[in-house]
Amino acid sequence: MEAIVLAGGRPDDPLAKRFDVPSKCFVPFGGRPLVERVLEALAASGLTTLVVGPEQPLEPAPRLQLPDRGGMLENLEAALEVAHSDKVLVASGDMPFLSAEAIRYILGQAPKAGLVYCVVRKEEIERSFPGMRRTYARLKEGSFTGGNVILLDKQLFSSALGLARKVVALRKNPLALAQMVGWGVLFKLLLGRLSIPELEARVSRLLGMPARALVVPFAGVGVDIDKEEDLVWLERGAVQRGQGL
C-alpha cells in the first residue's frame, strides 16, 4: 500500500505567512517541517509515500512529489492517478505526533471497506493533550474527533468523486448539506443519539460504496496544526512531557 500526504495549502494561510513557508505543513516544529514528521512515521511503517504540495527537499524523500492543484480534493485526485496500489492511505501533512505504531495499528485493524475514516475518542485526546481544543461529535458510543488519516479503495472512490465535489462546493451552506445528509440523521446527531453503525450506513448510501469508521487509540492521529495557538500549545506541552522539542 502507498500513502498519499496532502501538504498543500493557501499562500495566505496565517501560519504559512508567519513562518515564511509555502504552506502550513512546512511550519517548523522541533526543528523540522511538520510534513517530515508525517513522512517519517509512514516510512517507518513500511509505506511508500507520495506528497502533493509545494516542491521542497524532504527527508525522508517521497517516491514522488506533485505540485499543489489548489484544493484538497484536486490534490487527492492528482495523487490517486499516479498511485501504484489499489488501496491507499491518505494523511494530512500537519500531524506533529503521528507515529509508526499508529499507522501499523490502522493498517492491521482497518475493516474492509471502500472508505475507512479514522476517529479518536475525546478521552484519548484529553489524556495525551490535556486542555487542547478539538472539535468533537457526540455519538451513542461517546465523543469523537475526526482523525487525519483515511484509507481509500481507488476504484470505488472514483465513483464517489461527483458527490465529493458537491459536498466541497456546499461546505459553506449548512442547510444544503443538512438536506443531503437527511434531517432525521442530523437531529439524532445533534442530540447525541446517532450510533456509529447508523452513521456508517448513511455515509455508505450517500457515497455508493461501503464506508466504515475505525476508532484509533492514538491521540496523534487526531491532532493537527490549524493555527499558531495550536503550535505554541503543542510545543510547550512537548517540552513539559520531556520530548525535547
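In this predicted model, R212 has a relative accessible area of 38% and is therefore partly exposed, whereas E200, with a relative accessible area of 15%, is buried. The side chains of these two residues, R212 and E200, form a salt bridge with an N to O distance of 3.4 Å. Because R212 belongs to strand β10 (residues 211-215) and E200 to helix α10 (residues 196-207), the pair ties together parts that are 12 residues apart in sequence. Salt bridges with shared partners also join K24, D94 and D226 into one network.

Between R10 and D12 the side chains form a salt bridge with an N to O distance of 3.0 Å, and D12 counts as partly exposed at 47% relative accessibility.

The pairs are listed here with their distances.

| Salt bridge | N to O distance |
|---|---|
| R10 and D12 | 3.0 Å |
| R212 and E200 | 3.4 Å |

How many salt bridges does the count come to? The count comes to 10 salt bridges, including the one between R212 and E200, in which the arginine is partly exposed and the glutamate is buried.

Note on methods. Residues are numbered from 1 along each chain as its sequence is written. This is a predicted model: local features need pLDDT of at least 70, side-chain atom pairs count only at pLDDT 80 or more; totals for chains, interfaces and linings use all residues. Side-chain values use heavy atoms; hydrogens and water are left out. A salt bridge is a side-chain nitrogen of Lys or Arg within 4 Å of a carboxyl oxygen of Asp or Glu. Buried means under 20% relative accessible area, exposed over 50%, partly exposed in between (1.4 Å probe, protein chains only). Helices (H or I, at least four residues) and strands (E, at least two) are DSSP runs, numbered from the N terminus.
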